[in-house]
Amino acid sequence: MVTINKQFAFGANEGSSQKTQSLYIILHEVGVDNSSAQANAAYFKNNWSTAETYSTFVVGADGIYQVGEPGYVAWAALNANPYAPVQIEFERTSDANRFKKGYANYIALAREMADKYGIPKTLDAGGAGTPGIKSHLWVTNNYGGDHVDPYGYLASHGISKAQLANDLANGVGKVVSTASKPAGKTVAANVRYALRSLGGGWLDEVTNFGAGDNGYAGVPN
């Protein structure tokens, strides 16, 4: 279970009071270089009513910060907002170690929230109305807008869309192989045959003889 810091969580009468449907977990990144999760969570907390933007959580190397209340509308994905009980921002950093720690938190939170709301841990599957974990790019393609995150930022640290999908489905560092099992080992064997002629005794045995007649074709009945 992830640890959530509620230092910047909305209080009473802050944020939206509209409950969501449970279709999507939406993934974002903050869009500003070297901008920490803590700084972004504080900005959302202090400016939500005037800037009219915030996500449910902001994640980084230093932890997971809650802003909006899970299960209620967040203002980060336009017309997809009513269908996303959780939206997650990811801090930007040029430090590889910070990225690694933050990415692990990003994936862990997305997976836990997907389980909490009964949402499949599939990435960008299907069109509008198809449940799953969605990127902001998917939202743009299906609901409108112009955001394409988080793929560009993740790619700058070597995380492809395929890697992101695998980590969301299985957890960071875990790979489920779809390769077929290796074929069983073939063992050579010799087969010995012996026939008994009608009205006679046993014929000599032969080994690996294809016809199975001990070489005595045309034995009379």
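## Overall layout

From the N terminus on, the elements of this predicted model run β-β-α-β-β-β-α-β-α-α-α-β-β. That gives five helices and eight strands. Helices (H or I, at least four residues) and strands (E, at least two) are DSSP runs, numbered from the N terminus. Because the model is predicted, local features need pLDDT of at least 70 and side-chain atom pairs count only at pLDDT 80 or more, while totals for chains, interfaces and linings use all residues. Residues are numbered from 1 along each chain as its sequence is written, and side-chain values use heavy atoms, with hydrogens and water left out.

The protein has 221 residues, and buried residues make up 40% of them. Buried means under 20% relative accessible area, exposed over 50%, and partly exposed in between (1.4 Å probe, protein chains only). Take the contacts in the protein with a separation of 6 or more: residues 24 or more positions apart account for 61% of them. Contact means heavy atoms within 4.5 Å.

Where does Glu-91 sit? Its place is the loop between β5 (86–90) and α2 (96–116). Glu-91 counts as buried because its relative accessibility is 2%.

A polar atom of the Glu-91 side chain lies 3.1 Å from the backbone nitrogen of Ala-61. A polar contact is a pair of N or O atoms within 3.5 Å; within protein, one must be able to donate a hydrogen and the other to accept it, and residues adjacent in sequence count only if both atoms are side-chain atoms. Leaving aside neighbours within four places in sequence, Glu-91 is in contact with Val-30, Ser-35, Ser-36, Ala-37, Val-59, Gly-60, Ala-61, Arg-98 and Tyr-153.

## Packing of α2 and α5

Two packed helices are described by the angle between their axes and the distance between the axes. For α2 and helix α5 (residues 161–170), the angle is about 55° and the axes are 8 Å apart. Axes are lines fitted to C-alpha atoms, for helices over the stretch in contact, and angles run from 0 to 180 degrees between N-to-C directions. The two helices α2 and α5 are therefore oblique to each other. Angles under 35 degrees count as roughly parallel, over 145 as roughly antiparallel, 65 to 115 as roughly perpendicular and the rest as oblique.

α2 passes α5 in a right-handed crossing. On the α2 side, the contact is made by Tyr-103, Ile-107, Ala-110 and Arg-111. On the α5 side, it is made by Gln-163, Leu-164, Asp-167, Leu-168, Ala-169 and Asn-170. A crossing is left-handed if the near helix is turned anticlockwise from the far one by less than a right angle, and right-handed if clockwise.

## Gln-163 in α5

Gln-163 is found in helix α5. The side chains of Gln-163 and Asp-167 make a polar contact at 2.9 Å. Gln-163 and Gly-173 are ten residues apart in sequence; C-alpha to C-alpha, they are 9.7 Å apart in space.

Just after α3, Gly-144 takes a positive phi of about 110°.

Pro-150 is found in the loop between α3 and α4 (151–156). The peptide bond from Asp-149 to Pro-150 is cis, with omega near 5°.

Most residues other than glycine have a negative phi, and most peptide bonds are trans. Asn-13 is not a glycine, yet it has a positive phi of about 70°. Its place is in the loop between β1 and β2. Asn-13 is exposed, with a relative accessible area of 77%.

Leu-78 also has a positive phi, near 50°. Leu-78 is found in the loop between β4 (63–66) and β5. At 56% relative accessibility, Leu-78 counts as exposed.

## Ala-9 in the β1–β2 loop

Ala-9 is found in the loop between β1 (4–5) and β2. Ala-9 counts as buried, at 16% relative accessibility. Not counting residues up to four places away in sequence, Ala-9 touches Lys-45, Gln-66 and Val-67. Ala-9 and Phe-44 are 35 residues apart in sequence and 9.3 Å apart in space, C-alpha to C-alpha.
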